[in-house]
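Dear colleague,

Please find below the structure that I am handing over to you.

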Amino acid sequence: MDDDVPPKLFSRLSSAADVVRAHDNVHIYSHHDADGISAAVILAKTMMRAGKGFKLTLFNSLNNDTVDEVRNCSAKCIIIADMGASYLMELDEIDADVIVLDHHKGEAGIARLHYINPHSFGIDGMSGGCGASMAMLFSAAMSDENWDLVQMAFAGVVGDKQHIKGLSGVNVYLFEEGNKRGYVTKADGSLIPSGQLMSSLFLTTEPYIRGVSGDVDGVSALLDDANIDASKSFSDLTDAEKRKLSSLITARLLGQGVTAETMDELVSNRYILRNWNIDAEEFAYLFNSCGRSGAGGIGIGSGLGDKKCMSEAMIINEASRKQVLSAVKDLDSKLEQMENIQFFENSESGFTGILCEIAMRFIGDKNKPIIGYNVTEGKTKVSSRCTHHILDRGVDLSVAMKTSAEKVGGGGGGHRIASGAWFPPGNEKEFLKTLDDIIGTQISAR
Ligand SMILES: [Mn+2]
């Protein structure tokens, strides 16, 4: 694929920038995950620098209720990031200037809306541009002075895992421009998590190492095997120690049935950000933790450089990672199998998607998509994940999730590889049965 940014995309961005310049106040809406929060930070900073008044709201998702909220806001200029593609017609009817910076699939006959999505320009939004990438392109169209914000864009790119097979699409352009200006550099990845080893190996869920993650004795035994002093950090390790520890971790992961594809992804490049002492991956963890703990504002504050927010975000991050870790350990024994899918119920809302992703790579059957759901009052929320290997077998989760949810009075959508849905509680069995059938049909049609 051509990794240049298409000229048409630039002209669309520059007319969107003109629209915003004509207003004094803007309402920004974004998604509460790492990509959405990164996009929100970029847009907030851009508005501050442009001297615009702004409000900022994060949503768990764009749905009928939150679209209503957008419709009823008083702003005459609205920017929606990392969401919107599935509500284009509704957003187009709003009596205001609306700019949508999304990378999820969705096309509709729109008249007034300023819709900026890599998919519209022949770039795959699953890997070649995320919400934060689009926000960054828009920010650069507002002013060339905003290129420092490319650091935040990489928190979004990494948060949406767009870097794992190497950069593509507009992310290549963002890296080149950011690197040229000294804001972003690449470093080699490793199976060994960054930070103090006793703690980082205990907390690690990417990779989730059975018998090590969440197991103090297991961590000590692993470090003993590798002949490494337990007080060491990743950065203290000699090359020989790194090699020894990596190979022990590799052996463990192979024993868990982790694929070569996943191993490659785990050692994908790390992105170092000039103005921060944490890398893009650590930022993505931080933002995700804040978002799913309902503290997206703390995440945004830390991305904007507020020291108090940053230290609070660090605390939230540690607590949230412990919570994810214990849920993953729990999941290790309760994943249920159907013919073409595997599923689990998550009692906590907010991180079902992350659990799906971890389970897909480190716990479950590598040949079936993983579905996780959480039943709350009034709504069952579903997340799903598969792998490139499963996509190659003909699976499209975005279609399958949407169709199955609509059948039980709900809705859904997303990417072929990761998609979400919701429906009224009580329909879980029927939903799963339909989904299992649809995935079966998709595979046999191939
Ligand atoms: Mn995104």
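What distance separates the centres of domain 2 and domain 3, taken over C-alpha atoms? In this predicted model, the two centres lie 30 Å apart. For orientation, the domain assignment of the protein places domain 1 at residues 7-183, domain 2 at 197-266 and domain 3 at 336-445.

Domain 2 and domain 3 do meet: ten residues of domain 2 are in contact with eight residues of domain 3. On the domain 2 side, the residues that touch domain 3 comprise three nonpolar, five polar and two charged ones.

Two helices, α2 (residues 34-49) and α5, pack against each other with their axes 8 Å apart and at an angle of about 10 degrees. Because angles under 35 degrees count as roughly parallel, α2 is roughly parallel to α5. From α2, the contact involves Asp35, Gly36, Ser38, Ala39, Ile42, Leu43 and Thr46; from α5, it involves Gly131, Ala132, Ala135, Met136, Ser139 and Met142. Sorted by class, this contact of α2 with α5 has seven nonpolar, five polar and one charged residues.

Helix α7 itself spans residues 170-180, and its buried residues include Val170, Asn171, Tyr173, Leu174, Phe175 and Gly178. After α7 comes glycine 182, which has a positive phi, near 80 degrees.

With kind regards

Terms used. Residues are numbered from 1 along each chain as its sequence is written. This is a predicted model: local features need pLDDT of at least 70, side-chain atom pairs count only at pLDDT 80 or more; totals for chains, interfaces and linings use all residues. A residue is buried if 20 or more other C-beta atoms lie within 10 Å of its own, exposed if 12 or fewer, and partly exposed in between; C-beta atoms are placed from the backbone. Helices (H or I, at least four residues) and strands (E, at least two) are DSSP runs, numbered from the N terminus. Domain bounds come from an automatic or database domain assignment. Two residues are in contact if their C-beta atoms, placed from the backbone, lie within 7 Å. Ala, Val, Leu, Ile, Met, Phe, Trp, Tyr, Cys and Pro count as nonpolar, Asp, Glu, Lys and Arg as charged, and the others, Gly among them, as polar. Axes are lines fitted to C-alpha atoms, for helices over the stretch in contact, and angles run from 0 to 180 degrees between N-to-C directions. Angles under 35 degrees count as roughly parallel, over 145 as roughly antiparallel, 65 to 115 as roughly perpendicular and the rest as oblique.
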